[in-house]
Amino acid sequence: AFSLALLGFFLTLSVSGYNNWRELEFKDYAMPAAVGVYVYWRNGILHQADGGIDANEATDGNEGVLDRRAPRLGRTIDWFHGPPPPSHSSHSSVTVFNILYVFSPTCIHSQKNLSGFTSAAANFVGKGDDREVFFGAISKEGEDTISDLMPLKKNKNLSKISLGTDTSDVIETLFKNLSVDSFPHIFVIKNGSVEWDGHPCNLEGTLALMVGFWED
């Protein structure tokens with residue numbers, strides 16, 4: 001920060017047309033000095049902002065480590081369409097993948113990306129003996145609002161996913177712990193831990209690597 005401040009000072013001094021520094025008066029240094037102070041302050045603010053995650057979002061005392069533990073989805077989500085997600089047992093030989101599509105019914109991007117999510121579900125659900133894959137779409141809005149605003153009726157793969165209402169701040173917890181701030185968003189949860197999160201357009205390629213792809 002200090003080096004950048006000095007650079008800003010001398011650059012401002014040079015572009016101001018001062019060729020003979022011996023003839024400069026005190027007031028002539030005012031603008032370059034102000035620029036230097038601003039650069040130093042601004043760089044310090046940006047460095048502080050990039051310094052990592054809030055302490056409340058760290059895990060096991062390791063500052064800057066994202067909390068990737070996923071909430072229990074069976075009890076915390078009111079599933080009104082389709083079955084609840086399967087639970088994972090540490091003694092089970094089956095790997096459980098819970099794929100969450102977090103959306104807002106009033107968001108046009110959430111509406112447009114739902115079809116891609118259900119298409120991915122059709123490609124992965126029920127295709128492996130040692131892997132169980134669940135696709136669920138959740139929102140803070142109630143069932144009526146979701147049904148009214150989301151394009152559900154014409155979705156041919158809707159039977160492959162479950163729909164639910166978040167009644168226990170699951171979305172808020174995931175967004176906070178993983179520094180997410182936009183809809184729609186995908187969370188791939190493997191055996192209770194968020195293995196990947198990102199935009200829905202990147203989901204199918206990611207799952208092909210993580211889960212494995214089975215042809216019909």
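Reader: What should I keep in mind about the model and its numbering?
Author: Residues are numbered from 1 along each chain as its sequence is written. Because the model is predicted, local features need pLDDT of at least 70 and side-chain atom pairs count only at pLDDT 80 or more, while totals for chains, interfaces and linings use all residues; side-chain values use heavy atoms, leaving out hydrogens and water.

Reader: Which residues does N113 touch?
Author: With contact meaning heavy atoms within 4.5 Å, N113 touches Y101, P184, H199, P200 and C201, leaving aside residues up to four places away in sequence.

Reader: How do you know that strand β4 is mostly covered?
Author: Five of the five residues in β4 (residues 162-166) are buried. S162, G164 and D166 point one way, L163 and T165 the other way.

Reader: What makes β1 and β4 a pair?
Author: Two strands pair if DSSP finds at least two bridges between them. Strand β1 (residues 77-81) and β4 have four bridges, in the antiparallel sense; W79 has G164 as its bridge partner in β4.

Reader: And how many bridges join β3 to β4?
Author: Four bridges join β3 (residues 131-139) to β4, and these strands run parallel. Here G136 stands opposite S162 of β4.

Technical notes
Buried means under 20% relative accessible area, exposed over 50%, partly exposed in between (1.4 Å probe, protein chains only). Helices (H or I, at least four residues) and strands (E, at least two) are DSSP runs, numbered from the N terminus.
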